[in-house]
Structure formats: C-alpha cells, structure tokens
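Notebook open, viewer open. I'm jotting down what I look up as I go.

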Amino acid sequence: MNSVPFFLTCFICFGIIFSVIKMENEKTKNKLSKKMKVLITFIVIIAVVSGSAIFVSLNETRVYNYGLYLLMPKTITAEEMGTDYDISVRFNDDYDYKTQETLPFEAFEYYYTDTSTGEEVVIKGTDQSEIAGVEIAPYVMFVIKAKMNLDTLKSVLAKAAWVAAAVIVVAAIVLWYKVWSKHEDAEKEKINNKKNHKKKKS
C-alpha cells in the first residue's frame, strides 16, 4: 500500500491534535477535558494495536502463511493449470513451523482426484509431479495467482488510503476548528465581561 497518504495523514493529524491539546491546556489551565482524554487514549490504543500487528506480521511465520493462503485461489482449473485436473490447495499438516520456518511454501499441499482410480493425489510443498504426462510444480501457479491478487488488493487499498486520509484530515480540522471557536468565544466573553465591569464602575 502506498505509504504517502499514511505518513501525510499522520503528520497533519498529529500537528492538528497537538494544537488542539495546547489550546485545551491553555483554556483549562493544564487540565485536559474528558473528550480530549478519550481522543488521546483512542490514538494510543490504535498506535499500540497497529504496532503489534506489524510486529507479528513481520516475525510470525504462521501469520505470513495464513496471509498467503488467503491470497491464493483455493482451486485452479485444469485449463489454467495446463493439465487434465482441477488442483486445489490446503495447509500441509506435516509442516513443522520450528524446523521449516524459512521454507514457507512447504506449509501447503496441493491435491486433485485422479478420475481413473478415484484416489486423491497429494503434492507436498514445492514438489513436482507428472500429471497426465505434464511435469508441473503446482505451487508456482498458486503463488503467481496470490501475487496477482496481492497487487489488486494493494491497488484498491492505495486508493482507499487517500480517501481515508482525506476523511481523517477533515475530521481533525473540524475538531480543531470547534475547539478553536470555543476558545475564541471564551476569550470574547472575557473581554465583554471586562468591558461591562468597567461600565458598571463608571
């Protein structure tokens, strides 16, 4: 996903939120309002959850494999595969996450039903197999399809990120404006009270 809208949004929003907090502090004599505390807590929670998710995704093979599985088509037709059989994918129960952590493609197995025998034929991980006279490694096609789906997803998310960035920025500006207006109204009220007080004295 394009990181530009993400970092741009963070930069703008943190600047606006900092201004809001500063004005709230000035108005309440260094005491944050209940709404501001909720907003800050929400931002911290999102940051912690996002950071944890990123850490897990970068360090946990199980998460990577599951993500790859979600991107893979569950079945590739015989025509696409160039064989006489539709081939499906599932997790390989024999995969050892401790000893095969650096071999993520071995976490899957591919299978089809041989029409001549009625038996299920299983191809493990990156193994090759001869199907109807054609030597193939099914994982290659499944990984290619997963990459295509990932590219499509990235394209959609990149567009959605710009929309989300615009919405967040607008929401932050509205929040800043409301606090600023409230602050200005309070200042005007102070000035008017002073003027009225002077008039009463005179």
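**Asn-65**

I looked up Asn-65 and it counts as buried, at 0% relative accessibility. Buried means under 20% relative accessible area, exposed means over 50%, and partly exposed is in between (1.4 Å probe, protein chains only). A note on what I'm looking at: this is a predicted model, where local features need pLDDT of at least 70 and side-chain atom pairs count only at pLDDT 80 or more, while totals for chains, interfaces and linings use all residues. Residues are numbered from 1 along each chain as its sequence is written, and side-chain values use heavy atoms, with hydrogens and water left out.

Asn-65 sits in helix 3 (residues 61-71); helices are DSSP runs of H or I with at least four residues, strands are runs of E with at least two, and both are numbered from the N terminus. What does Asn-65 touch, not counting residues up to four places away in sequence? I found Phe-91, Tyr-95, Tyr-97, Pro-104, Ala-107 and Phe-108, where contact means heavy atoms within 4.5 Å.

**Phe-105**

Next I went to the loop between strand 2 (87-91) and strand 3 (108-113), where Phe-105 is found. Phe-105 is partly exposed, at 27% relative accessibility. Leaving aside neighbours within four places in sequence, Phe-105 is in contact with Leu-68, Gly-125, Thr-126, Tyr-139 and Val-143. I checked Thr-126 again: Phe-105 and Thr-126 are 21 residues apart in sequence, and 6.6 Å apart in space, C-alpha to C-alpha.

**Ile-144**

Last stop was helix 5 (residues 138-201), which holds Ile-144. Ile-144 has a relative accessible area of 43%, so I put it down as partly exposed.
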